[in-house]
Amino acid sequence: MASAAIFSSLRRRSSPSLEAFLAPVDLPNAAVLEALRAVSMSSFSGKSKKAPFFQGKNSRSLIRKINVISVLLDALIDLGISGIPPTLFLCLKELYLLLYRSKILIGYVNGSSKLWLLLQNHLISGHFHDINQEISTLFDVFPLSEITSLSEDVREQIDLLRRQSRESKLLIDKRDECSRLKLYYFLNEFENGRIPEMNELYIFFVEKLGICDVKSCRSEIEFLEEQIVNHDGDLEPCASVLNGFVALLRYCRFLLFRFEDGDGDLGKWKRRVKANGLISREIADTFVTIPKDFCCPISLELMHNPVIVSTGQTYDRPSIARWLEEGNSSCPKTGQMLVHMKLVPNRALRNLILQWCVANGIPYDPPENSADVCTSAPPSKAAVEATKATAAVLVEELANGTPRAKTVAAWEIRLLAKTGRENRAYIAEAGAIPLLKLLLPSTDAFAQENSVTALLNLSIYDKNKSRIMEVEGCLGAIVGVLRNGHTTEARENSAATLFSLSAVHDYKKEIAQEDGAVEALAGMLVDGTARGKKDAVTALFNLSTHPENCARMIESGAVRVLVGALEREGIAEEAAGALALIVRQPIGAEAVGKEESAVLGLTGLMRCGTPRGKENAVAALLELCKSGGAAATQRVLKAPAMASLLQSLLFTGTKRARRKAASLARVFQRCENTSLQFGGLGLGYAFARGNAVAAIDTSFAADVSMPLSISVPVL
């Protein structure tokens, strides 16, 4: 029987319903005939009227057989129910299944890419052969002799159909097979370190396969990439080989069609700007639609590395690892004690998240440093060599192409840098970073936006951070885009690039000292979009972790902006974390103490913030009291409902929040007015005295609660 499994990954089409593969047992006999007729007719509709580029002989043969079956169905409908024996309807219901599978197979062949049909040549030919055998088997038992009024002409056609189906053999078109072998030949050339001749590639892909422009080439690439995402282990070729063909096609796209995009990408971009006034943001626009099951219960963000704990709950690895490192031994969601601390990768959920991201156009990169992460198959040598050749072509165009070609090359580098750390490494090694830097001051908004976004994507690979910082003037050019970029997305992505670069401690001071960098980040925190504010506040937090940046944060006005951000949902948590670092130094505590709304904003976050936000808020207040002197302590002491907030944290906060709350309460105890403010409450000390969390915490590392690693979205 022909399997339906091959049709489960139909591109950009809904999968058939379960009823499509079940015999219509509940339909009356007359309805069965009509359903059969509808299925047989629909097999000729739309694209199926045109023979596919490959599998043409098999498709035409099957369609001719369906045509003969349609003649039989017309004759049965003309006879009416009374002229058809009841036993025949059992066979008709089996015929329904056969016709529907035939329809799906023909549609699959018409809707697949040319290269995919070549790669699946033997498998798809086998499905056509299976259906031929089913037709033969069905009509061997079909009770035509019981239909006495059936015309001889119809009987002769069915008899001929039965004989032809019985005698049919597996048909693998020699022309298709030669093309398939030629495709593997090109891949083998790259595998052996040889780059095929341009003329040879042109004859095969353009003249023979009809892949004649950028659009068709991209369509082929996208189709293969989707098959990799949905790839089953029992299908051939394997994912690493498919990656090689994707790399080969991408190389041909630039070699054969160069950088003439036919106003495709540029035209779409210009129309989008005209319609919306700014570039649409893939991540921001789709954030609210993330399925709840794909979000970590701790961070409430899309999981990139989901793992299962002993209670069966799933969390993102960085979030649950941090929870366990704090000394917790219970499940955050259920409260149950964990039998063991082992984290088991949830590969099924990760694959679902990956498929959802691909379907919605959201970049998805697994963490680089997790040994347990089940990433895509490692690239083959052919894929590596083809990608290196592609990077060389792109960089050459960046160096010597026309202004328009350079713009398109920056766009393509941006896209290529989305697809994996290896590609980011090859692009940087080919010398792209200094050339992308030259496009940052461009008056062309499209060139500027894509060059800074390409640098952002490249910076995600750790080794590229140093390459970017070592290029003279590159940091200043990125800051220039942040301050005066032509589009909102360009400015946002420059902020995200600074955040990515500031993950390296040695670069934090250099970034902060760059003229206008901190001021521009502070400005975006005030006037930016939701995504821009998030990029800005995380960058400011990273810069705040360097103790020598405190004065720079004050003089740039960033402290005032961070205090104002305490009241804004989505960024208050990071703002409090940055302030907690700044107030550790006396000049920072003085600057924060001068802000009238600082204490009120931090206490508000203690009341209504996230668990991590509450941790950062109470940590900031504790450090403010320690470094700000008696005046700052009195201001914190007199904050409304401070006693109840501390008591609440002592009982319901995380371990770190309880430790900070207990330390802050002891600071207050030493003040002369403590008996008036906290008398009779005890602040939970009956609870705290028996726990280590009541100790005053003087460590710097535990003062601020932030994720162990914050991923930068590739765009």
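Figure 1. A search of the whole structure finds 11 aromatic pairs. One of them joins Phe53 and Phe54 in an edge-to-face arrangement, 4.9 Å centre to centre and with 80 degrees between the planes. (Rings of Phe, Tyr and Trp, the last by its six-membered ring, pair if their centres lie within 6.5 Å; planes under 30 degrees apart are stacked, over 60 edge-to-face, and the rest tilted.) This is a predicted model: local features need pLDDT of at least 70, side-chain atom pairs count only at pLDDT 80 or more, and totals for chains, interfaces and linings use all residues. Residues are numbered from 1 along each chain as its sequence is written, and side-chain values use heavy atoms, with hydrogens and water left out.

Which partner is buried, and which is partly exposed? Phe54 is buried, at 1% relative accessibility. Phe53 is partly exposed, with a relative accessible area of 35%. (Buried means under 20% relative accessible area, exposed over 50%, and partly exposed in between, with a 1.4 Å probe and protein chains only.) Phe53 also has a charge over its ring: the charged end of Lys114 sits 4.3 Å from the ring centre. (A charge sits over a ring if NZ of Lys or CZ of Arg is within 6 Å of the ring centre and within 35 degrees of the ring normal.)

**Figure 2. A ring cluster, and a lysine over a tyrosine.** Tyr185, Phe186, Phe204 and Phe205 are linked into a cluster by ring pairs. Elsewhere, Lys103 lies over the face of Tyr100. The distance from the ring centre is 5.2 Å.

**Figure 3. The whole chain, for orientation.** The protein chain has 35 helices and 3 strands. (Helices, H or I of at least four residues, and strands, E of at least two, are DSSP runs numbered from the N terminus.) Of its 715 residues, 55% are buried. The accessible surface comes to about 31,100 Å², and carbon and sulfur atoms account for 53% of that. (Areas come from the Shrake-Rupley method with a 1.4 Å probe; for residues, only the protein chains shown count as cover.) Take the contacts between residues at least 6 apart in sequence: 74% join residues at least 24 apart. (Contact means heavy atoms within 4.5 Å.)

Figure 4. Helix α10 covers residues 239-257. At 1.5 Å a residue, its 19 residues should span 27 Å. The end C-alpha atoms are 26 Å apart, which agrees. (The expected span is 1.5 Å times one less than the number of residues.) The helix is mostly covered, with 17 of its 19 residues buried. Just after α10, Arg258 takes a positive phi of about 50 degrees.

Ser380 is in the loop between α14 (347-359) and α15 (381-400). At 18% relative accessibility, Ser380 is buried. Beyond its neighbours within four places in sequence, Ser380 is in contact with Glu191, Ser240 and Gly244.

**Figure 5. The buried face of helix α32.** In α32 (residues 642-652), the buried residues are Met642, Ala643, Leu645, Leu646, Leu649 and Leu650. Where do they lie around the helix axis? They fall within an arc of 165 degrees, so they line one face of α32. (The arc is that of the directions from the helix axis to the C-beta atoms.) An α-helix has 3.6 residues a turn, so residues three or four places apart point the same way.

Figure 6. Lys465 lies in helix α20 (residues 462-470). Is this lysine buried or exposed? Lys465 is buried, with a relative accessible area of 5%. Not counting residues up to four places away in sequence, Lys465 touches Ser459, Ile460, Ser500, Leu501, Ala503, Val504 and Tyr507.

His546 is in the loop between α25 (530-544) and α26 (550-555). At 10% relative accessibility, His546 is buried. His546 and His505 are 41 residues apart along the chain, yet their C-alpha atoms are separated by 7.3 Å.

Figure 7. Leu90, in helix α3 (residues 88-111), is exposed at 61% relative accessibility. Its C-alpha atom is 9.5 Å from that of Phe142, 52 residues away along the chain. Ile124, in helix α5 (residues 121-140), is buried at 0% relative accessibility. Ile124 and Val109 are 15 residues apart in sequence and 8.3 Å apart in space, C-alpha to C-alpha.
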